[in-house]
Amino acid sequence: MKIPIKYGLLIAVGVMAWVLIARTTVTNPASIVHTLGSPLVFNVLQFVMIYLGLKALEREKGDRPTFKQAVKTGVLISFFYALAASLFFAGVLAVVGTKWLASEPGIAESPTATVAAQAFAALFLGAMLFGLVYSTVISFFLAKRRSDEA
């Protein structure tokens, strides 16, 4: 259980660092740094950390994990990342306020609470969905094959 927590929190720390650096250096919320850069960094970071987490699982076990073990570990890594990132953004919302929500679609037409709830749901569910996809793809290549057991 240590591997999913460690690598999930590493993703969250990377996301936190990116958000804090990007938001303090580029103040325009419509900038390409925020609209394209953030999703790109978040996803690449998640993919890389799931890969590294699965390689750490392989080293810890001394053998390649099964497909099921690898997918389960990757999804758990994504769960801890989604949870920590959501808590971080809840803290940001409490401290900074809603000005960082300006880059969210629909902010002008909808109540701020609705936009914030949608952003949190998208962050959490998106991280879990992409984590499942990334874990499945990575596990396909890293997992033990039946031909390896014979």
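Guide: Leaving aside residues up to four places away in sequence, Thr 73 touches Ile 3, Pro 4, Leu 54 and Leu 57. The model in which these contacts are found is a predicted one. Thr 73 belongs to helix H3. Its relative accessible area is 11%, and because buried means under 20%, Thr 73 counts as buried.

Two of the partners of Thr 73, Ile 3 and Pro 4, lead directly to the contact between helices, as both are among the residues with which H1 meets H3. H1 spans residues 2-25 and H3 spans residues 67-95. On the side of H1, the contact is formed by Ile 3, Pro 4, Ile 5, Tyr 7, Gly 8, Leu 9, Ile 11, Ala 12, Val 15, Met 16, Val 19 and Leu 20. On the side of H3, Thr 73 is joined by Leu 76, Ile 77, Phe 80, Tyr 81, Ala 84, Ala 85, Phe 88 and Phe 89. By type, the residues of this contact comprise 19 nonpolar, 2 polar and no charged.

As for geometry, the axes of H1 and H3 come within 7 Å and cross at roughly 40°. That angle makes H1 oblique to H3. The crossing of these two helices is right-handed.

Further along H3, Tyr 81 deserves attention. Not counting residues up to four places away in sequence, Tyr 81 touches Gly 8, Ile 11, Ala 12, Val 15, Phe 42, Gln 46, Leu 123 and Ala 127. Of these, Gly 8, Ile 11, Ala 12 and Val 15 are residues of H1 that take part in the contact with H3. Tyr 81 and Val 15 also stand out in the largest nonpolar core, which has 26 residues: these two touch the most other members. H1, H2 (32-61), H3 and H4 (112-142) each supply at least two residues of this core. H3 provides the largest share, with 9 residues.

H3 also packs against H4. The axes of H3 and H4 come within 8 Å and cross at roughly 160°. Angles over 145 degrees count as roughly antiparallel, and H3 and H4 are therefore roughly antiparallel to each other. Their crossing is right-handed. The residues of this contact divide into 20 nonpolar, 7 polar and no charged.

With a relative accessible area of 33%, Gly 91 is partly exposed, whereas Thr 73 is buried. Gly 91 and Tyr 81 are 10 residues apart in sequence, and their C-alpha atoms are 15 Å apart in space.

The setting for these details is a protein with 5 helices and 0 strands. Read along the sequence, its pattern is α-α-α-α-α. Taken along the principal axes, the C-alpha atoms fill a box of roughly 60 × 25 × 25 Å. Of the 150 residues, 36% count as buried, and Thr 73 is buried as well. Among the contacts in the protein with a separation of 6 or more, 78% join residues 24 or more positions apart.

Notes
Residues numbered from 1 in each chain as written. Predicted model: local features only at pLDDT ≥ 70, side-chain atom pairs only at ≥ 80, totals over all residues. Heavy atoms only, no water. Axes fitted to C-alpha atoms, helices over the stretch in contact; angles between N-to-C directions. Helix = DSSP H or I, 4+ residues; strand = E, 2+ residues; numbered from the N terminus. Parallel < 35°, antiparallel > 145°, perpendicular 65-115°, else oblique. Left-handed = near helix turned anticlockwise from the far one by under 90°. Contact = heavy atoms within 4.5 Å. Nonpolar A, V, L, I, M, F, W, Y, C, P; charged D, E, K, R; others polar. Core = buried A, V, L, I, M, F, W, Y, C linked by side-chain atoms within 4.5 Å. Buried < 20%, exposed > 50% of the residue type's maximum accessible area, 1.4 Å probe, protein only.
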